[in-house]
Amino acid sequence: MKAKITEPQFRLGFILVTTLFFMWGLSYGLVDVLNKHFQEALHITKAQSGLIQAAYFGAYFVIALPAGLFIDKKGYKAGILLGLSLYAIGALLFVPAAMQLTFGFFLFALFVLALGLGCLETAANPYSAALGDPATAEQRLNLSQSFNGLGQFFGPLIGGLFFFSESGKAASGDFTAVTYTYVGIALVVIVLIAFFAKAKLPDLRENEAKLDAANVGNNSASLWSHSEFKFGVITLFFYVAAQVGVGAFFINLMVETWPQSSSQQGAYFLSIAMLAFLIGRFVSTALMSKIAANKLLMIYAIINTVLCGVILSGADYIAVIAAIAVFFFMSSMFPTIFAMGVKNLGSKTKIGSSFMIMAIVGGAVMPYFMGKMADHFGTHIAYVLPLVCFLIVLAYAFSYKNTALVKAETVVN
């Protein structure tokens with residue numbers, strides 16, 4: 001019978017794996033608040049604070065390929081358990097980092113934590129996309145990613161509430177709230193490890209082998225002969241660069257272009273932006289039942305290019321409102337590009353997914369250069385870099401052509 005998400009085994013697997021999207025969304029939402037917190041608590045520049053994203057997303061580049069090889073050999077469940085374990089260890093490292101109060105130690109803790117998240121994303125993104133009909137992979141992955149948006153919404157709320165003092169700024173050298181927050185996250189992750197260890201998840205490796213057999217002419221070719229995958233990796237690099245850059249300096253943009261605002265208020269507004277991101281995920285998932293994924297991606301890329309142009313004006317209030325709108329139209333870009341890129345790769349899906357996750361390193365590169373521009377010309381001018389990235393997303397969406405999909409019989413061990 002055909003693979004459907006309504007089948008009990010696939011429904012359970014989909015629900016469980018979707019919880020992971022929330023957890024790494026929560027972590028990512030906190031990182032953008034930490035960016036501003038470190039500037040104030042450790043007295044570092046915007047360019048230096050960009051190293052937070054460099055450590056965080058650089059870890060994705062380091063872990064993605066080893067994680068893909070590990071998952072290919074041991075299965076999706078083993079990859080998820082490894083990722084959760086590293087996530088918990090990284091979160092607990094915030095305790096000694098707060099005792100030492102050195103920027104480098106915090107970066108190391110974030111790096112280890114992100115190693116776990118990179119492993120989770122390498123497993124969960126293709127797993128969610130594969131749990132059903134290949135023709136609806138983009139829609140399914142967008143649904144899972146909607147809960148990632150929910151986590152990103154709560155992250156800035158938590159950071160804004162606890163990381164800053166009553167003055168709206170971070171107290172110099174005070175990391176008590178940050179430490180408690182990450183210890184709390186570690187405890188939740190440990191509970192998830194126990195839960196996933198006992199759960200029976202569908203193993204799709206045999207199904208992928210059958211897909212290869214049914215589509216032997218296509219899958220015998222090199223991974224890089226799939227143009228939708230090759231250009232998908234490049235596009236994802238620039239998209240993630242844009243997304244991370246837009247979020248990393250949102251609070252700075254708020255403080256500079258929204259008169260009499262504070263860093264704490266900026267964190268709350270970032271949460272509103274993440275809410276727009278979350279709503280955009282659900283809206284986009286619904287729209288994909290009527291509009292082809294690549295066409296919707298093209299429309300969103302055009303709109304975000306225009307919105308970045310508005311931010312460049314630096315107009316009071318308007319620049320911040322435009323930035324919030326950017327989050328709405330970024331909402332479906334990552335899962336759509338990812339699903340379009342790995343579609344129909346068969347048994348190469350896990351390795352293909354590894355390269356897609358490695359492309360997340362774009363988020364490690366962008367904040368430093370945006371920070372340099374912000375330090376010299378103002379934060380609003382730095383948004384010219386995300387503008388260029390959205391043009392690349394537009395080019396990919398415009399050139400993308402749907403390949404024939406092979407609907408293999410579903411096999412669940």
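Which residues is Tyr239 in contact with, leaving aside its neighbours within four places in sequence?

**View 1. Contacts of Tyr239 in a predicted model.** Leaving aside neighbours within four places in sequence, Tyr239 is in contact with Phe277, Met330, Met333, Phe334, Ile337, Phe390 and Val393. Contact means heavy atoms within 4.5 Å. This is a predicted model: local features need pLDDT of at least 70, side-chain atom pairs count only at pLDDT 80 or more, and totals for chains, interfaces and linings use all residues. Residues are numbered from 1 along each chain as its sequence is written, and side-chain values use heavy atoms, without hydrogens and water.

**View 2. The largest nonpolar core.** This core holds 137 residues; Tyr56, Tyr182 and Tyr239 touch the most other members. Helix H1 (residues 8-41) gives the most to this core, with 16 residues. A nonpolar core is a set of buried Ala, Val, Leu, Ile, Met, Phe, Trp, Tyr and Cys residues joined through side-chain atoms within 4.5 Å. Buried means under 20% relative accessible area, exposed over 50%, partly exposed in between (1.4 Å probe, protein chains only). Helices (H or I, at least four residues) are DSSP runs, numbered from the N terminus.

**View 3. Tyr368 on helix H17.** Tyr368 is found in helix H17. Its relative accessibility is 33%, so Tyr368 counts as partly exposed.

View 4. Cys308 is in no disulfide; the nearest cysteine sulfur, that of Cys389, is 8.9 Å away. Cys308 counts as buried because its relative accessibility is 0%. Cys119, at 0% relative accessibility, also counts as buried.

How values were computed
Helices (H or I, at least four residues) and strands (E, at least two) are DSSP runs, numbered from the N terminus. A disulfide is a pair of cysteine sulfur atoms within 2.5 Å.
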